[in-house]
Amino acid sequence: NTSSFQRCNSVNFLPDLHTKNKYLSFEELGRVLAVLSEHYPDHIHTKRAFPVKVFKTGSPNLIVTEPSDVLGTVLSLYMQDSTLPLPTMEEVLICSKYTTDEDVTLLWRRAVCDPNFTRIFCLVHAERLSYHVSDKVLQSLKKITQGQSEYRLVIVCSSEDEQRSHILSKLHAFRRQFTMQSVFKCAEYLRHHFTSATDETARMQACASAIDVEKANVRIVTSQRSGMGKSLFIKRMAQALQCTDQHQPHLVSIPIHGPLVTADTVMELLKLHLCVQFSIFHFDIASDVVWQVDTILFSLLILKSLTDSHGQLWRCHNSNILAVEVTIPSHKDDSKQVTPMKCTLQFLDMLPSFKCVGPQESALAPITDLKKVSVDEKKFAGKTYSMVYQYLSQNSSGCVASTNKSL
């Protein structure tokens, strides 16, 4: 960022670009990056615990698990010490059919060149790589890791396409048995980090998540059908944020709908808001694409970043809050979507969430669960609803509702 650039320039780490060259040499660029790494050492020098009883350093470690447990398994790798930060995009690469061999090779290099070998590097859904890409990354893995004995590398795959995956068959000798933590423990781990990150940021600057009930910088808002007030709930969050009068907050709406949802389609909307701070990012997910968004949500909410196939990068600022609106139908009959839907739903269960319920459910069973949202009080007290309520009350009691001529 600008302040870091100025700080480097003030200590003569950058040349005078006006009198010398227009561009930096590789040597000068390296010196700049070295200075920046000293000012931002948190993730680079994170000392993560590596379960040596299960995994082996200096060797790839393959985990094959149920499709719905893949993301939970990745989280479990980094839960050995809950005081350490959440995994970052530098440590975790989630594969898709668009992932290139260069993307994976860069992960291999980061693992081998990690300072002091204190981080864990994870390749997720490697079974989704094409045969051609799989073959090339296996060759690069052998070449890059030759003679290296301290790197920490884990490859997490789904068992769904195990028999057809080239990379799984080649790495079968490196397969390890690793048990995912429970969904409850994963949820506690994430809630701790979503709230502690807010506390840390609040010491230095205003944070949008201060308006959240749990002070979390991630909030999921669900319902079983549309029209239950999810968008209104997030709108109320934005109004509460505006009442702070500390900044000029924004409500950034990112609609996610079909027929196909990829990192590229989401990035097309996010790249318009690269420098937004102290705001609410509202991801409105259509019910027919819920089964497609598990890995995209993991990137956005856990890794706090998203990269598309063109190399464009979006990072979430610590002062923002990410709110996800999603309708979860009570029945899912499409057999093609059962497994992917289960993956998304299990991941959503790990995140701080509120469920919007209708007036009928609220009336029949008074809500005691703080994670359920009932009728909006401001809407209910408004003229539109109060007139109807008054008319129905008078009608049910046998009175003539003649006071409201407009009805």
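Which residue forms a salt bridge with Asp-161, and how far apart are the closest N and O atoms? The partner is Arg-164, and the closest N and O atoms sit 2.3 Å apart. A salt bridge here is a side-chain nitrogen of Lys or Arg within 4 Å of a carboxyl oxygen of Asp or Glu. Before going on, note that this is a predicted model, where local features need pLDDT of at least 70 and side-chain atom pairs count only at pLDDT 80 or more, while totals for chains, interfaces and linings use all residues. Residues are numbered from 1 along each chain as its sequence is written, and side-chain values use heavy atoms, with hydrogens and water left out.

Back to that pair. Arg-164 is exposed, at 68% relative accessible area, whereas Asp-161 is partly exposed at 25%. The labels work like this: buried means under 20% relative accessible area, exposed means over 50%, and partly exposed is in between (1.4 Å probe, protein chains only). Why pair up at all? Side chains of opposite charge can pair when their charged atoms come close.

The search of the whole structure turns up eleven salt bridges. One of them joins Glu-188 to Arg-191, at 2.6 Å from N to O. These two are three residues apart in helix α7 (residues 183-202), so about one helical turn separates them. Helices are DSSP runs of H or I with at least four residues, strands are runs of E with at least two, and both are numbered from the N terminus. As for cover, Glu-188 is partly exposed at 31%, and Arg-191 is partly exposed at 31% too. Another salt bridge links Asp-212 with Arg-219, at 2.8 Å from N to O. Both Asp-212 and Arg-219 are buried. Shared partners tie Glu-188, Arg-191, Asp-212, Glu-214 and Arg-219 into one network of salt bridges.

On a 1 Å grid over the protein atoms alone, a cavity is a set of points where a 1.4 Å probe fits but cannot get out, and a pocket is an open set with protein on both sides within 12 Å along at least five of seven lines; lining residues have an atom within 4 Å of a point. Grid points are joined across faces, edges and corners, and a volume is the space filled by probe spheres set on the points. There is one cavity of 30 Å³ or more. The largest cavity holds about 30 Å³ of space, and its lining is made up of Arg-48, Ala-49, Leu-77, Tyr-78, Gln-80, Asp-81, Leu-84 and Ile-120. Leu-77 also turns up among the buried residues of α3, a helix (residues 70-77) in which eight of eight residues are buried.

The second largest pocket has about 1,400 Å³ of space. Of its 43 lining residues, Ile-94, Cys-95, Ser-96, Arg-128 and Thr-295 are the closest to its centre. Elements that each supply at least two lining residues include β2 (92-94), α4 (101-112) and α11 (338-348), while α10 gives the largest share, four residues.

Finally, the surface. Leu-24, Phe-26, Leu-29 and Leu-33 form a nonpolar patch with about 430 Å² of accessible area together. Patches are made of residues with over 30% relative accessible area and no salt bridge, like charges being joined within 9 Å and nonpolar side chains (Val, Leu, Ile, Met, Phe, Trp, Tyr) within 5 Å. Accessible areas come from the Shrake-Rupley method with a 1.4 Å probe; for residues, only the protein chains shown count as cover. Leu-24 is in the loop between α1 (2-10) and α2 (26-39), and is partly exposed at 35% relative accessibility.
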